[in-house]
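Subject: Structure handover

Hello,

My notes on it follow below.

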Amino acid sequence: MRRSATIFFQVVIVLIGIGALALMLWEPQIEGRNAHATQYEIYFKDPFLAYAYVASIPFFVALYQIFKVFGYAGRNKVFSQAAVNALRTTKYCAMSLIGFVAGAELFIMLGDSDDRAGGVFMGILIAFGSIAIATAAAVFEKRLQTAVEMRSGNDLTV
């Protein structure tokens, strides 16, 4: 992969992370039920918001792992065990995010919310996106692991 393409993709990954973090910090303040709440009430008295922040950790870890994979590609080290490990971590992060979304859906369904449809739909969208990322990471991980094993086998025969 050309170095300029990998830098572009790394910049896109960083912008996605910054955008997601900004949305997570900004959205609770404009939510309807928090219109007249203090900062303390917004961030420390809402268990669902705390759950969402904890659930975002695998998302940001996965972004960092993808950033690393593009770094390996830029240095022509994509066929390495480190790249395989980064893809494996990405797969596990996507699967854990699916679990967190399932827990959030239960929280929404069992809670006393007036408008469950929006939250459930957003959860379904996030779950489908995470399933796609976990599947892609698993396929790339398997193919890359095979390539790494073939390469190490060829290095031993020379």
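Helix H1 (residues 3-30) packs with helix H3 (residues 47-74) at an angle of about 170°, their axes 9 Å apart. Axes here are lines fitted to C-alpha atoms, for helices over the stretch in contact, and angles run from 0 to 180 degrees between N-to-C directions. Helices (H or I, at least four residues) are DSSP runs, numbered from the N terminus. The angle makes H1 roughly antiparallel to H3 (the word applies over 145 degrees). By class, the H1 contact with H3 has 19 nonpolar, six polar and one charged residues. Nonpolar covers Ala, Val, Leu, Ile, Met, Phe, Trp, Tyr, Cys and Pro; charged covers Asp, Glu, Lys and Arg; the others, Gly among them, count as polar.

Two points on provenance. This is a predicted model, where local features need pLDDT of at least 70, side-chain atom pairs count only at pLDDT 80 or more, and totals for chains, interfaces and linings use all residues. Residues are numbered from 1 along each chain as its sequence is written, and side-chain values use heavy atoms, with hydrogens and water left out.

Helix H1
- The 28 residues of H1 should span 40 Å at 1.5 Å a residue, and its end C-alpha atoms agree, being 41 Å apart. The expected span is 1.5 Å times one less than the number of residues.
- H1 has a kink of about 25° at Met24, shortly before the proline Pro28. The bend at a residue is the angle between axes fitted to the seven residues ending there and the seven starting there.
- Which residues of H1 are buried? They are Thr6, Gln10, Ile13, Gly17, Ala20, Met24 and Pro28. Buried means under 20% relative accessible area, exposed over 50%, partly exposed in between (1.4 Å probe, protein chains only).
- Those buried residues pack against H3 and helix H2 (39-44). Contact means heavy atoms within 4.5 Å.
- Phe9 also lies in H1. Phe9 is partly exposed, at 33% relative accessible area. From Phe9 to Gly118 is 109 residues in sequence and 31 Å in space, C-alpha to C-alpha.

Helix H3 and its flanks
- H3 has 28 residues. From first C-alpha to last, H3 reaches 42 Å, close to the 40 Å expected at 1.5 Å a residue.
- Asp46 sits in the loop between H2 and H3. Is Asp46 buried or exposed? Asp46 is buried, with a relative accessible area of 13%. Not counting residues up to four places away in sequence, Asp46 touches Arg33 and Glu41. Asp46 and Ile57 are eleven residues apart in sequence, and 18 Å apart in space, C-alpha to C-alpha.
- Asn76 follows H3, in the loop between H3 and H4. Asn76 is not a glycine, yet its phi is positive, about 55°. Asn76 is exposed, with a relative accessible area of 60%.

Helix H4
- Ala104 lies in H4 (residues 81-110). Ala104 is buried, at 12% relative accessible area.
- Ala104 touches Phe48 and Tyr51, again not counting residues up to four places away in sequence.
- Ala104 and Ala55 are 49 residues apart along the chain, with their C-alpha atoms separated by 9.2 Å.

Best regards

Terms used
Helix = DSSP H or I, 4+ residues; strand = E, 2+ residues; numbered from the N terminus. Parallel < 35°, antiparallel > 145°, perpendicular 65-115°, else oblique.
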